[in-house]
Amino acid sequence: MTEMQKIITVAVLFIIAVGSGIVLTKLGKPYQTGIFTVHKLVALGMVVLSIILIKKLLQSADAGTVLVLLIILAAVSILALFVTGAFMSLDKGLYGLLKTLHAIAPIASIASLGVVVYMLLK
């Protein structure tokens, strides 16, 4: 799989993850198991493929400070997505805050990952 195919695959997986997340939100709790499982697995697949892609691109590039900071931002955002998603599914307190963080984190992760991939490809 070429780098461009991996980038397109990550983008498609991101769209599916966001779309299934929106469906989950609209359907409300309790979350439907099928959609919830698809959402989690697609998100995990997207993260794994992103790591593979960035690792390969980093091997052929000079990782400057900005690039490293963007990768850290993406990693923290993705970690926040998994943590907030887990706590939201467990129905633990602070649901509103968790939902807000879960809505902001994908924007931060896709923006930082997009800039990382752009910087590594140019």
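A residue is called buried when its relative accessible area is under 20%, exposed when that area is over 50%, and partly exposed in between, using a 1.4 Å probe and protein chains only. This is a predicted model, in which local features need pLDDT of at least 70 and side-chain atom pairs count only at pLDDT 80 or more, while totals for chains, interfaces and linings use all residues. Residues are numbered from 1 along each chain as its sequence is written, and side-chain values use heavy atoms, with hydrogens and water left out.

Met-46 belongs to helix 2, where helices are DSSP runs of H or I with at least four residues, numbered from the N terminus. Because its relative accessible area is 11%, Met-46 counts as buried. Apart from neighbours within four places in sequence, Met-46 is in contact (heavy atoms within 4.5 Å) with Val-10, Leu-13 and Phe-14.

Helix 1 (residues 3-27) packs with helix 2 (residues 33-59) at an angle of about 155°, and their axes are 8 Å apart; the axes are lines fitted to C-alpha atoms over the stretch in contact, and angles run from 0 to 180 degrees between N-to-C directions. Helix 1 is therefore roughly antiparallel to helix 2, a term for angles over 145 degrees.

Ser-112 lies in helix 4 (residues 95-121), and because its relative accessibility is 2%, Ser-112 is buried too. Setting aside neighbours within four places in sequence, Ser-112 is in contact with Leu-70, Leu-73 and Ala-74.

Conventions:
Helix = DSSP H or I, 4+ residues; strand = E, 2+ residues; numbered from the N terminus. Parallel < 35°, antiparallel > 145°, perpendicular 65-115°, else oblique.
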